[in-house]
Amino acid sequence: MKVEKIEEEINQLKTHLAFLEKHLKEIQQNCDHHFKGNQYHEKCIKCNKVNVLYY
């Protein structure tokens with residue numbers, strides 16, 4: 001593979017990843033969370049959002 005082609009593919013993947021991260025954030029913001037966990041963290045069983053409860 002040529003360097004230009006690899007760089008182009010990396011840029012396309014970065015763009016797609018940014019889109020997916022934005023979509024995930026929107027889903028997690030609009031979720032009616034149902035958290036389960038322990039004293040250190042909790043995780044939503046619907047959208048997998050994690051809240052850290054103890055540092």
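Here are some notes on the structure above, point by point.

1. Ground rules. This is a predicted model, in which local features need pLDDT of at least 70 and side-chain atom pairs count only at pLDDT 80 or more, while totals for chains, interfaces and linings use all residues. Residues are numbered from 1 along each chain as its sequence is written, and side-chain values use heavy atoms, with hydrogens and water left out.

2. The helix. Start with helix H1, which covers 3–29; helices here are DSSP runs of H or I with at least four residues, strands are E runs of at least two, and both are numbered from the N terminus. UniProt, in an unreviewed entry, lists residues 3–30 as "coiled-coil region". Bear in mind that UniProt positions are given in the numbering used here, that feature names are shortened, and that annotations may be inferred rather than shown by experiment. In the model, that 3–30 span is 96% helix and 0% strand, and its end C-alpha atoms lie 41 Å apart.

3. A nonpolar patch. Have a look at Met 1, Ile 6 and Ile 10: they form a nonpolar patch on the surface, with about 310 Å² of accessible area together. Patches take residues with over 30% relative accessible area and no salt bridge, joining like charges within 9 Å and nonpolar side chains (Val, Leu, Ile, Met, Phe, Trp, Tyr) within 5 Å. A salt bridge would be a side-chain nitrogen of Lys or Arg within 4 Å of a carboxyl oxygen of Asp or Glu. The areas come from the Shrake-Rupley method with a 1.4 Å probe, and for residues only the protein chains shown count as cover. Met 1 itself sits in the segment before H1. Met 1 counts as exposed because its relative accessibility is 71% (buried is under 20%, exposed over 50%, partly exposed in between, with a 1.4 Å probe and protein chains only).

4. S1 and S2 run antiparallel and are joined by three bridges; two strands pair if DSSP finds at least two bridges between them. Lys 36 stands opposite Lys 43 in S2, and the hairpin from S1 to S2 goes through three residues. S2 also pairs with S3, again in the antiparallel sense and over three bridges. There, His 41 faces Val 52 in S3, and the hairpin has five residues between its strands.

5. Most residues other than glycine have a negative phi. Asn 48 is partly exposed, because its relative accessibility is 48%.

6. The aromatic pair. The structure holds one aromatic pair. For reference, rings of Phe, Tyr and Trp (its six-membered ring) pair if their centres lie within 6.5 Å, and planes under 30 degrees apart count as stacked, over 60 as edge-to-face and the rest as tilted. The pair links distant parts of the chain, 14 residues apart: Tyr 40 is in the loop between S1 (35–37) and S2 (41–44), Tyr 54 in the segment after S3 (50–52). Tyr 40 is partly exposed at 44% relative accessible area, whereas Tyr 54 is exposed at 55%.

7. Lys 25 belongs to H1 and is exposed at 54%; its C-alpha is separated by 9.8 Å from that of Cys 47, 22 residues apart along the chain. How many Å apart are Phe 35 and Glu 4 in space? C-alpha to C-alpha, Phe 35 and Glu 4 are 45 Å apart, and 31 residues apart in sequence.
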